[in-house]
Amino acid sequence: VLLGARFSDVWPSLRPRATGFTCCHFEDLSNPRPDLDQRIDYVFARGTGSRRDPVKGEVHLTGNRAHDRVRGPAFPIWPSDHAGIVATLITLPAWLAAR
């Protein structure tokens, strides 16, 4: 539905050589290292992603490195059962984008 409404997935536009896997940590969040093997988190933007109108900005994963773990009841745990995607997108002012 989102792609049909001309939204673009920003991950492949900004990080084409990186998988961006976000899923999944152990159910009890105890795994010492991430073993992420699929992507379930997305950031979509509209009006971007084409060769004529490329996405501009940065995107990275969070919750996928050992230092992202938090104090748990008995040992460090992941803050969620999956990593997340953080995107900072650069947009043009409307008057400039219309050119």
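Some questions and answers on this structure follow.

This is a predicted model, in which local features need pLDDT of at least 70 and side-chain atom pairs count only at pLDDT 80 or more, while totals for chains, interfaces and linings use all residues. Residues are numbered from 1 along each chain as its sequence is written, and side-chain values use heavy atoms, with hydrogens and water left out.

Q: Why is the link of Cys 23 and Cys 24 called a disulfide?
A: A disulfide is a pair of cysteine sulfur atoms within 2.5 Å. The sulfur atoms of Cys 23 and Cys 24 are 1.3 Å apart, so the pair qualifies. The count by this rule is one disulfide.

Q: What is the handedness of that link, given the angle about the S-S bond?
A: The link of Cys 23 and Cys 24 is left-handed, with -40° about the S-S bond. A cis peptide bond also joins these two residues, with omega about -10°.

Q: Is Cys 23 buried or exposed, and how do you know?
A: Buried means under 20% relative accessible area, exposed over 50%, and partly exposed in between (1.4 Å probe, protein chains only). Cys 23 has 3% relative accessibility, so it counts as buried.

Q: Why is Leu 29 called buried?
A: The relative accessible area of Leu 29 is 16%, and therefore under the cut-off for buried. Leu 29 also has a positive phi, near 65°, in a residue other than glycine. Most residues other than glycine have a negative phi.
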